[in-house]
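User: Hi! I am new to protein structures and would like to learn how to read one. Could you walk me through it?

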Amino acid sequence: KTRPMEYRVAQLEALGRFLDDKKQEILEATELDMGKPSFEAFFSEILLCKNELNVTLNNLCQWMKDEHVDKNLVMQLDSAFIRKDPYGVVLIIAPWNYPIHLFLVPLIGAIAAGNCAIIKPSEISKNTERLIAETLSCYLDSDCFAVVTGGVPETTRLLENKFDYIFFTGSPPVGRIIMTAAAKHLTPVTLELGGKNPCYVSDTCDVTNVARRVAWGRFFNAGQTCIAPDYLLCTIEMQEKLMPALREAITEFFGPNPRESPDFGRIVSDKQFQRLRALLGSGRVAIGGQTDEAERYIAPTVLADVLPSDPAMQEEVFGPILPIVVIANMDEAIDFINARPRPLAVYAFSCDSKIVNQVLERTSSGGFCGNDTLMHASLTSLPFGGIGNSGLGKYHGKFTFDTFSHHRGCLHRNMGLEALNAPRYPPYTQQKLGLLTSAFEVKRRGTCTLL
Amino acid sequence: MATETVFPQLPESEARKAPEDGGGNRSVDGDTTSRNPFAGLVSHLRASWLSGKTRPMEYRVAQLEALGRFLDDKKQEILEATASDLGKAPFEAELSEILLCKNELHETLNNLSQWMKDEHVNKNLVMQLDSAFIRKDPYGVVLIIAPWNYPIHLFLVPLIGAIAAGNCVIVKPSEVSKNTERLVAEALPDYLDKDCFAVVTGGVQETTRLLENKFDYIFFTGSPPVGRIIMTAAAKHLTPVTLELGGKNPCYVSDTCDVTNVARRVAWGRFFNAGQTCIAPDYLLCTIEMQEKLLPALRKAISDFYGPNPRESPDFGRIVNDKQFQRVQRLLGSGRVAIGGQTDEAERYMAPTVLVDVQPSDPVMQEEVFGPILPIVVIANMDEAIDFINSRERPLAVYAFSSNDKVVSQVLERTSSGGFCGNDTLMHVTLTSLPFGGIGNSGLGLHHGKFSFDTFSHHRGCLKRGMGWESLNAPRYPPYSKTNFGIVQATSKVTRKSDCTLL
């Protein structure tokens with residue numbers, strides 16, 4: 001049922017209508033769940049999703065086509081191609097921080113590739129969970145797509161079933177559990193996890209611009225973003241310069257009292273709020289630090305003089321707190337980064353492009369952005385995924401389609417022309433080996449240089 | 001992301017232990033040798049990788065060329081070792097263990113600089129002045145576990161990709177093909193940089209200890225049950241895996257075909273390496289009429305290939321060990337032996353055998369044959385054959401023989417498998433431009449040619465922006481406004497183009 005392109009296009013267009021029809025409800029639900037400002041919700045939960053939808057709809061027939069490949073001598077008369085087959089029944093488990101985006105973007109790829117899907121939204125963003133559970137099924141074919149709600153026990157039961165692909169976005173510890181469950185059925189997985197995304201700021205930079213771009217990335221969605229700059233690395237001199245610039249940027253963005261700004265979010269739950277509040281004891285509060293438990297409000301905060309052993313450096317912050325760790329120079333920063341689990345993103349700010357290149361070259365991470373934060377994830381032509389502790393697999397744009405399709409190597413030969421096959425059959429002779437070698441071998445061409 | 005739901009089975013201490021365990025790119029080195037015998041080796045390789053030694057193209061090319069010299073210098077030894085291990089005919093060994101490997105090597109050397117380059121990608125309006133590209137980064141320390149049936153090929157082809165992508169590698173050859181294992185352990189280290197590449201030998205115990213270490217990629221070729229164990233071990237460290245497993249590869253023969261050609265191509269694929277090939281046609285599906293026609297044709301093909309007494313043919317292999325021999329021998333009780341059936345335990349010889357009147361419930365239909373036995377299961381028509389295939393685990397390969405292209409296309413369309421070949425067997429995997437891998441029980445991931453390089457490299461999405469041009473960013477900042485949103489939308493949206501049809 002899911003194979004014909006027309007069917008897939010119809011389901012994808014229905015997803016588009018869901019985003020249009022339910023726009024207001026999505027803005028309201030995410031506001032209730034974590035005080036997400038409507039601008040941010042519109043951008044991350046609607047616009048970015050529609051972009052992915054349109055890229056997919058614009059290119060689906062190309063992506064679905066058999067890809068013909070180069071053939072050797074003996075197969076010149078054959079047909080050799082890669083067929084894109086669906087996996088079957090896909091499970092998508094989404095987290096609470098971008099509760100629409102993080103199930104919908106994978107779902108687009110799953111549908112485009114011809115799969116059936118079960119969506120398991122997060123129970124923590126409960127208003128959005130309810131919205132999805134109640135309305136999505138009105139848009140999609142209930143024979144092929146379903147929403148399952150619940151918490152840990154329900155997810156555990158769900159995972160007892162055999163799925164043909166599992167796409168999980170969440171924390172590394174849970175990622176391990178998912179992969180272990182998947183291993184029982186040999187189910188392939190994509191795990192979009194997290195980590196502490198370092199942000200190196202060199203001594204040569206435009207401090208004002210750096211402060212704005214970093215503050216934007218850190219405080220968007222009240223810091224609850226898997227690719228947010230998690231901590232800053234810079235020299236003591238740069239810390240001195242950055243502090244007033246960060247203060248200025250925060251005031252520009254949120255006013256003198258961010259608690260009153262309509263543009264600054266809240267922490268999603270009491271548990272998360274308490275976890276974050278405990279991190280405020282790290283280093284020294286240089287900016288912000290105010291909290292309000294009833295509102296789950298934490299002010300945009302910058303911590304200075306943070307030590308590697310401090311609580312803020314032991315876990316992913318995932319809140320509106322930016323710790324600054326002082327290092328002596330770029331080499332120390334790179335060593336610091338490489339001594340830790342590989343993050344989802346590495347950020348480097350410098351007017352000197354050589355420095356940006358060095359940081360890129362000498363570190364390893366899911367993705368990288370020089371002189372900005374978050375933006376690399378908004379381009380549908382770039383693959384988005386982690387490495388090591390920050391995850392495995394990638395998606396966005398065509399990469400989502402490729403993630404959810406099996407690339408099947410196919411060869412269609414002629415029933416006749418048996419003479420071509422004769423050299424491969426026993427009884428084996430040197431002469432036959434010679435014939436096979438000349439027909440099959442790939443020769444080494446002259447050396448080429450890396451341009 | 002922060003731990004927001006902790007599953008009851010995972011105690012808090014475990015949940016926090018993991019990030020420290022993963023300790024960045026340095027391996028956990030606190031254990032004594034007796035607790036983790038391979039920790040030192042893995043540590044050493046990781047340090048070499050961190051030093052950046054494997055990054056320059058010249059280094060990778062030098063290692064790959066050394067692999068080529070290994071194949072040239074040790075060709076005779078390879079032929080002898082595989083002959084001792086499983087009676088592999090030198091022709092077959094030269095083809096599968098040398099020629100196909102050299103093809104992969106040359107393909108990689110010819111294209112490495114292209115593959116290594118940053119791939120620049122399409123940009124939206126707001127990023128026109130930026131640099132957006134995909135950087136190919138190595139994973140780090142890779143583990144390759146190889147089986148015994150193509151003992152050189154099945155470690156060397158993945159190794160080519162791993163080296164090409166800039167990784168350090170531990171190779172774990174199979175202890176079952178012991179002569180080849182010894183050859184690889186003794187000779188390979190002389191060709192490759194010992195700081196970055198190592199061979200580890202041993203059985204189940206040693207492999208289990210090895211898997212306690214954190215690897216950055218694990219490439220495993222073997223059986224599904226062991227594949228599960230590998231993936232479970234990998235899950236502890238969130239290590240990505242490629243699993244090349246197996247299954248029962250069905251071979252559908254329609255009523256419209258050239259029976260002589262079909263018989264030859266199927267017999268070749270089934271009896272190559274005495275049937276010990278993961279992509280061998282495992283069982284035949286055809287009508288009773290076709291079975292009647294195929295039997296004399298198969299008998300003739302076998303006779304053409306191996307003579308009247310295949311035991312005396314230098315071109316027919318042996319079963320690798322007693323355990324496998326006994327397992328395959330038990331399968332002879334299924335259906336009725338129409339061709340062959342003779343065995344010799346001392347030589348671990350089993351004649352090229354065809355079984356007819358095989359029932360789905362017979363022993364030979366319960367497991368991958370992996371030996372020189374071809375069961376024929378009779379079905380009424382193509383639809384029944386397709387249903388039969390689809391009611392079973394998805395195999396590594398599906399084969400369909402028909403003079404009618406539409407029949408071949410239907411079988412391809414309506415089944416799901418790792419790979420597919422119409423009107424032949426095995427051949428689809430000799431083309432370096434086709435991806436090779438399984439689906440479902442037959443595996444996950446793919447390799448060969450550029451796909452090996454892609455398997456072992458992390459595709460890192462990169463964006464390099466200017467330090468200035470801050471006014472371009474202004475619309476995205478708070479205080480938020482409708483006007484600003486309009487600008488953001490206009491500069492970053494992807495519009496729907498008009499419909500296209502599937503050509």
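Analyst: Helices (H or I, at least four residues) and strands (E, at least two) are DSSP runs, numbered from the N terminus. This is a predicted model, where local features need pLDDT of at least 70 and side-chain atom pairs count only at pLDDT 80 or more, while totals for chains, interfaces and linings use all residues. Residues are numbered from 1 along each chain as its sequence is written, chains are lettered from A and ligands numbered from 1 in the order in which they are written, and side-chain values use heavy atoms, with hydrogens and water left out.

User: Is the peptide bond from Pro478(B) to Pro479(B) cis or trans?

Analyst: That bond is cis, with omega near -5°. In chain A, the bond from Pro426(A) to Pro427(A) is cis too, again with omega near -5°. Pro427(A) belongs to the loop between E18 and helix H14 (430-440) of chain A.

User: Which residue has a positive phi although it is not a glycine?

Analyst: Asn273(B), with a phi of about 60°. Look for Asn273(B) in the loop between helix H10 (259-271) and strand E9 (283-286) of chain B.

User: How do I read a sheet?

Analyst: Strands of a sheet pair through backbone hydrogen bonds, either parallel or antiparallel. Here, two strands count as paired if DSSP finds at least two bridges between them. One open sheet in chain A has six strands in the order E5-E4-E3-E6-E7-E17, with mixed pairing. Its edge strands, E5 (145-147) and E17 (391-392), each pair on one side only. Inside this sheet, strand E3 (residues 89-93) runs parallel to strand E4 (residues 116-120), joined by five bridges. Ile92(A), for instance, has Ile119(A) in E4(A) as its bridge partner.

User: Which strands make up the sheet of ten strands?

Analyst: The order is E10(A)-E13(A)-E14(A)-E9(A)-E8(A)-E15(A)-E16(A)-E18(B)-E2(B)-E1(B), an open sheet with mixed pairing. At its edges are strand E10 (284-287) of chain A and strand E1 (119-120) of chain B, each pairing on one side only. Within chain A, three bridges link the parallel strands E13 (residues 301-304) and E14 (residues 321-326), and Thr301(A) stands opposite Ile321(A) in E14(A).

User: How many residues does each chain bring to the contact?

Analyst: Contact means heavy atoms within 4.5 Å. By that rule, chain B supplies 148 residues and chain A 154. Buried area is the accessible area (1.4 Å probe) that two parts lose on being put together, summed over both. For these two chains it is about 12700 Å², with 61% on carbon and sulfur atoms.

User: And how many salt bridges cross the interface of chain B and chain A?

Analyst: A salt bridge is a side-chain nitrogen of Lys or Arg within 4 Å of a carboxyl oxygen of Asp or Glu, and the rule finds 14 across this interface. One of them joins Glu413(B) and Arg83(A), whose closest N and O atoms are 3.1 Å apart. On the side of chain B that touches chain A, the largest share, 13 residues, comes from helix H5 (residues 90-116) of chain B.
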